[in-house]
Every structure is written in C-alpha cells, then in structure tokens.
Amino acid sequence: EKNCYNCIIRGKMCCSLSDDEMEEDMFKIGDYVAHYKEGVCQVVDIGKISLSCSDNEKEYYTLKPIYDKDGTVYTPVDKKNQIREVITKQEAETLIAQLGDIEQLTVTDEKKREGLYKEAMLKNQCREWIVIIKTSYERKMERLSRGKKVTHVDDRYLGIAEKFLCGELAVALEMSREEVKGYLSSQMKGA
C-alpha cells in the first residue's frame, strides 16, 4: 500500500487510519495546504457542496489559493493525494540548506524530460520542484550561452516550479515570494 506525503514525511499513518482517526487527521478551517495544481491554499470551509460536477454525498474542502484572490478550489476530503500540509519553517530551512545536494535530471531526450517534469509537478513536493528549477535553469543558461533559444518546455516548467516553490517557502518562512526567490537565487549560486 502506498502512503501519502503525511505518512512519509511526518510519520503519520493516515492512509491506514480508521474513520474516527481519519477525522482527527483532517485539515481544519484556517489551515494552509499545498494543492497539487494550485499551490498554497487556505481551507475556508469543509462540507458537502452542490455543484453539478460534485458527488453530493461527499465532503469537500473549499480552498482559497492565497496568490489568486478570485480563485476557489474544491477537493474531496478523502483525496489525500491532492493536498498536503505546507512544510514547516524548520523543514523549509533544512531544504534550503540541502540545495547543493539536490541533483538535476540528466535526461537528454526532450519528450522524456517533459514527462519527468509533469510527473515531478504531480508529486506536489518542494524537493521535486527544486529538481525542475535546477534542471531547466541550467539548460536555459547553457542554451543561451550557445546562442540558442530556450525551449518552451524548460521555460514553462521553470515558471510553474518557481511559482509553487516560492509560494510555499514564503508561507513557511513568513516572507514574500519575491524575497524567497531572491534568497533562493543567492543560495543556488553558492551551492
């Protein structure tokens, strides 16, 4: 049985909890979560929703993306793979300290690289976003130094990964996304 992010990182065995135990492990209104497609969101409601595309019997988290004031996301409470807890300040600092140890992708095939980028984004993990950022940034610099254009795939995934990583680190470190981006840039140059 595969375990979710909380099982792996925080030692919780939420994937094998009883319904009563699962209820205790649920996110609460006001919690910040990382959504796999929207980035950092705040839980603003929990309950049944009446949308044509929803299961009227299921409970959903109503999420507000913190960097999209007009956005709203609904995700089923029982879909643990779609959201996870935002990393803590200590986890963020540890991750930043390990920047130099995180390896780039070494795939030369463009189609395979895009597949790996997609796969990494769906994992919804900061470390995976760093792999994408390091790989696509290095490829971008290498191509520009040879007078070539940056590939659309590298540029697109670099932007998405930076947005998600900086957004989550900004919440964890209580900084703006711009401050985080500058800080990460200086750390990566030193790594």
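1. Helices (H or I, at least four residues) and strands (E, at least two) are DSSP runs, numbered from the N terminus. On that basis the chain has seven helices and five strands, and their order along the sequence is α-α-β-β-β-β-β-α-α-α-α-α.

2. A quick word on the basis of these notes: this is a predicted model, where local features need pLDDT of at least 70 and side-chain atom pairs count only at pLDDT 80 or more, while totals for chains, interfaces and linings use all residues. Residues are numbered from 1 along each chain as its sequence is written, and side-chain values use heavy atoms, with hydrogens and water left out.

3. Do have a look at the largest nonpolar core, which has 28 residues. Such a core is a set of buried Ala, Val, Leu, Ile, Met, Phe, Trp, Tyr and Cys residues joined through side-chain atoms within 4.5 Å; buried means under 20% relative accessible area, exposed over 50%, partly exposed in between (1.4 Å probe, protein chains only). Met-121, Trp-129, Ile-132, Leu-165, Leu-169 and Leu-184 have the most contacts inside this core. At least two of its residues come from each of α3 (89-97), α4 (110-123), α5 (126-145), α6 (152-173) and α7 (177-190), with α6 giving the largest share, 11 residues.

4. Another core, of 10 residues, lies apart from the largest one and includes Met-26, Val-33, Leu-63 and Val-77.

5. For the chain as a whole, 39% of the 191 residues count as buried. Among contacts between residues at least 6 apart in sequence, 51% join residues at least 24 apart.

Terms used
Contact = heavy atoms within 4.5 Å.
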